[in-house]
Amino acid sequence: MLKIVNAVKIFNKGSVNEKIALDNVNLEMAEGEFVTVIGSNGAGKSTLLNCIAGVYELDGGNILLDGKDITRMPEYKRSAYIGRVFQDPLIGTAFDMTIEENLAIAYARGKSRGLTPGISKADLAFFREKLARLELGLENRMKEKVGRLSGGQRQALTLLMATIVKPKLLLLDEHTAALDPSIARRVLELTDEIVKENNLCTLMITHNMKAALEHGTRTIMMNEGRIIMDISGKERESVTVEWLVEQFGRKSGAELDNDRMLLI
Amino acid sequence: MADIIKGAAELGIIYAVMALGVFISFRTLNMPDLTVDSSFTLGAACSAMLCVSGQPALGLILAFFAGCAAGCVTALLTTKLKIQPILSGILMMLALYSINLKVMAGKSNIPLSRILGVPTIFSPFLDTGLERYIALILNTAVLALIIVLLYYFLKTRFGLVLRATGDNDKMVRASGVDTDLTTIAGLALSNGLVALSGALLAQYQGFADIGMGIGMVVIGLASVIIGEVIFGTGSLLRRLIAVVLGAVTYRFIIAGALELGMPATDLKLVSAAIVAAALSMGTIRDKVISLAGRQAALSRYKGGSR
């Protein structure tokens, strides 16, 4: 479904601050595969996601989605196929608009944005049903502005918006990192449910090593712009957090940044 | 007295059309657009020239589209050439000054006097029973039509993403929409309304003047902010009506100040002061609150001896 070939991204090229953020990254993901991405700060995880989404353009290499080369496609066009949830809960929604208006904007993804009414009666019933499944009581607050929701509620809403029209690829950039532990757990549960139900090809960055192993079907570790570990299937099932930490030290030749990385 | 109130209401309704335009750029696109100062005059110029040619109604329509074109250019400078929004507006404001003079055939003032026999949209009703109220009726009708159209437009699929652009452009792009396109459409619509307002004013007051748009953006911002402070920021319809009421309130404030003896030359100073005060209200309130908190903490620390 997703194929990344020799992806290279260099920031501040030619200056003293030059940084190779992606160093010949190759990654292939099958339909329905749920990959979790770990790595210390500056490893290139977010850059990889942003390059796939089109926020940054690659300096080299290609990105293919469902066989189509999207390397030079502008961000907004790719968004017709790619759903995204960001780390900052404020980024995923329009705060001064209502819950139903936000959902309507997401629901029109890939459709024409003409002068047809933004929300129909049928849409409202559909939104209500979808919101009810989040079990956060949002189905009764559809006319409220999103700015009044908590971070966790906004993140759950963003997740719903990213998947309300089935995307070919779902990108999650530490989408629970800014949330309280209990609501973070709920959002992760929801993520699992939605991904399984729609058989979504998903790429999730996380700082939580335990979450990286408990969720998804495959885990990759990045360091200095390269993928240094890639485990799935039986091998992954037997892996522990401790082993992962040890592997990181061995393969990157550095101590894991314990301050930022949550081990448990 | 009644005439002062009537005059303020008539002007308020005309300026409300301009304020709705400013609302679109300032609130829904989150971009204070200075093109307004000149697109207002552009509208007045187009409208006056067509009145002179005997086509006052066509003048209003043409003024709207001329304003749209001006807004498009500003938006293209911002989105495609990446010039800062404020600077794009300033550049267009300057460029339009020359264009406005060209539209007005090189003259800085176009009189539309009844004596000269120049028709306006109001002139067919002169010498009828409606003469006294025709300005109020026609302007209100135009304003009502605009509010209805705007309300439904902002609720369409395109309208929703237009409103979301100022709120959160990342989210709009993540939903598959080109934010350059929404910005262009938004600024076009905004300046179209501003120009229409200028066109109405020219026909109402009986002349177009090259300097009539100076400070218009400030009046628009004042109207939007006064509307929000007094009438709230709830649903979309409420916000639109708040802008209109804000514009009318502003005219009443000005009429009152003039009545109390304020020299007309101080108008722009007062307008600027109102907007500066309104925009800084949040910051001042926060400062006062934090200062009060510190005082309270200090007095606790000293054992309440103060």
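This is a predicted model: local features need pLDDT of at least 70, side-chain atom pairs count only at pLDDT 80 or more; totals for chains, interfaces and linings use all residues.
## The nonpolar core

The largest nonpolar core holds 162 residues. Those with the most contacts inside it are Ala16(B), Val17(B), Ala19(B), Leu20(B) and Val243(B). Helix H1 of chain B, residues 2-28, gives the largest share of this core, with 14 residues. In soluble globular proteins, nonpolar side chains tend to be buried together.

Val243(B) can be taken as an example. Apart from neighbours within four places in sequence, Val243(B) is in contact with Ala16(B), Ala19(B), Leu20(B) and Phe23(B), and also with Ser223(B), Val224(B) and Gly227(B).

## Helix H1 of chain B

H1(B) has 27 residues, and 20 of them are buried, so the helix is largely enclosed by the rest of the structure.

At 1.5 Å a residue, H1(B) should span 39 Å; its end C-alpha atoms lie 36 Å apart, which agrees. The helix bends by about 30° at Ala16(B), a residue listed among those with the most contacts inside the core. After H1(B) comes Asn30(B), which has a positive phi, near 55°.

## Strand S8 of chain A

Strand S8 of chain A runs over residues 201-205 and is mostly covered, with five of its five residues buried. In a regular strand the side chains alternate between the two faces of the sheet. Both faces of S8(A) are covered: Cys201(A), Leu203(A) and Ile205(A) are buried on one side, and Thr202(A) and Met204(A) are buried on the other.

S8(A) has parallel pairings with two strands of chain A, S3 (residues 34-38) and S7 (residues 169-173). The pairing with S3(A) has four bridges, and Thr36(A) stands opposite Met204(A). The pairing with S7(A) has five bridges, and Leu170(A) stands opposite Thr202(A). From S7(A) the chain crosses through helix H6 of chain A, residues 181-198, to S8(A), in a right-handed β-α-β crossover.

## Where the chains meet

How many residues of chain A are in contact with chain B? There are 25, and they are in contact with 19 residues of chain B. On the side of chain A that touches chain B, helix H2 (75-78) and helix H3 (99-107) each supply at least two residues. The largest share of that side, four residues, comes from H3(A).

Definitions and conventions: Residues are numbered from 1 along each chain as its sequence is written. Chains are lettered from A and ligands numbered from 1 in the order in which they are written. A nonpolar core is a set of buried Ala, Val, Leu, Ile, Met, Phe, Trp, Tyr and Cys residues joined through C-beta atoms within 7 Å. A residue is buried if 20 or more other C-beta atoms lie within 10 Å of its own, exposed if 12 or fewer, and partly exposed in between; C-beta atoms are placed from the backbone. Two residues are in contact if their C-beta atoms, placed from the backbone, lie within 7 Å. The expected span of a helix is 1.5 Å times one less than its number of residues. The bend at a residue is the angle between axes fitted to the seven residues ending there and the seven starting there. Two strands pair if DSSP finds at least two bridges between them. A crossover is right-handed if, with the strands pointing away from the viewer, the path from the first strand over the helix to the second runs clockwise.
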